[in-house]
Amino acid sequence: MKSHSLFTLTTIALLAITARLNAAEAEEGFKPLCDGTTFDGWKSTIDHTNTWKVEDGAFVTRGETAHLFYVGNLAPFTNFDLKVDVMTDHGANGGIYFHTKYQEKGFPKYGFECQVDNTHSDWKKTASLYDVVNIAKSPAQDNKWWTQEVIVEGKKVTVKIDGERVLEYTEPQGAQPGGQYTRKLSFGTFALQAHDPKSVVRYKNIRVKRLD
């Protein structure tokens, strides 16, 4: 009886993984960056190693500030279309980084953060390119899944929520990296943010299409 139950659970898990992979591949040219059950291809910062969980197919933030970097063999990325399904609890803050690189502690220095924040006290809301182009009213809602999409083509960044364009930024000619945070288009990987212990954010169905 136990053997039969184990076989059934294993079959269900494999079917769930296959369904997620097929869903990503159904979007022409997109490749999945997560399997929904493990951290394969991802690496957490070491400042708070117990913050990140995998629950119901999603990476979930439950703890102190920490970041989860994609370190799989598809990286690095220059021009791309990234889609992430996101859901926040009330008052949560998070973020999706691009053109970044792994670091062991602290907020990522390299690249840009695309903000995840519908009702947190920080006024810079979901879809903002943090401290580059800030949006004061969130286009998304807590406790409801949305797809956050970041497209980088050359010097242009486009952010969409559920397929609707919210933001478009073109990097000025001659732009230089900042000091504390570079916020300069280049190349790199992706990262997800766990902002603080009160912020519960779920990220799932992470997929990307190269545009170069």
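Trainee: How many salt bridges does the count come to?
Mentor: The count comes to 11 salt bridges, and keep in mind that this is a predicted model.
Trainee: OK, which side chain does Lys124 meet in a salt bridge?
Mentor: Lys124 pairs with Asp131, at 2.5 Å from N to O.
Trainee: Is Lys124 buried or exposed there?
Mentor: Lys124 is buried, because its relative accessible area is 13% and the cut-off for buried is under 20%. Asp131, at 40% relative accessibility, counts as partly exposed.
Trainee: And what does Arg183 form a salt bridge with?
Mentor: Asp131 again: the closest N and O atoms of Arg183 and Asp131 are 3.9 Å apart.
Trainee: Where in the chain do those two sit?
Mentor: In distant parts, 52 residues apart. Arg183 lies in the loop between strand S11 (164-170) and strand S12 (189-194), while Asp131 is in the loop between strand S8 (112-117) and strand S9 (146-153). Arg183 counts as partly exposed, at 25% relative accessibility.
Trainee: New topic: what about Glu168 and Arg165?
Mentor: Their side chains meet in a salt bridge too, with 3.2 Å from N to O. Glu168 is partly exposed at 43% relative accessibility, whereas Arg165 is exposed at 58%.
Trainee: Which residues do salt bridges with shared partners join into one network?
Mentor: Glu27, Lys83, Asp85 and Arg207.
Trainee: Why can side chains like these pair at all?
Mentor: Side chains of opposite charge can pair when their charged atoms come close.

How values were computed. Residues are numbered from 1 along each chain as its sequence is written. This is a predicted model: local features need pLDDT of at least 70, side-chain atom pairs count only at pLDDT 80 or more; totals for chains, interfaces and linings use all residues. Side-chain values use heavy atoms; hydrogens and water are left out. A salt bridge is a side-chain nitrogen of Lys or Arg within 4 Å of a carboxyl oxygen of Asp or Glu. Buried means under 20% relative accessible area, exposed over 50%, partly exposed in between (1.4 Å probe, protein chains only). Helices (H or I, at least four residues) and strands (E, at least two) are DSSP runs, numbered from the N terminus.
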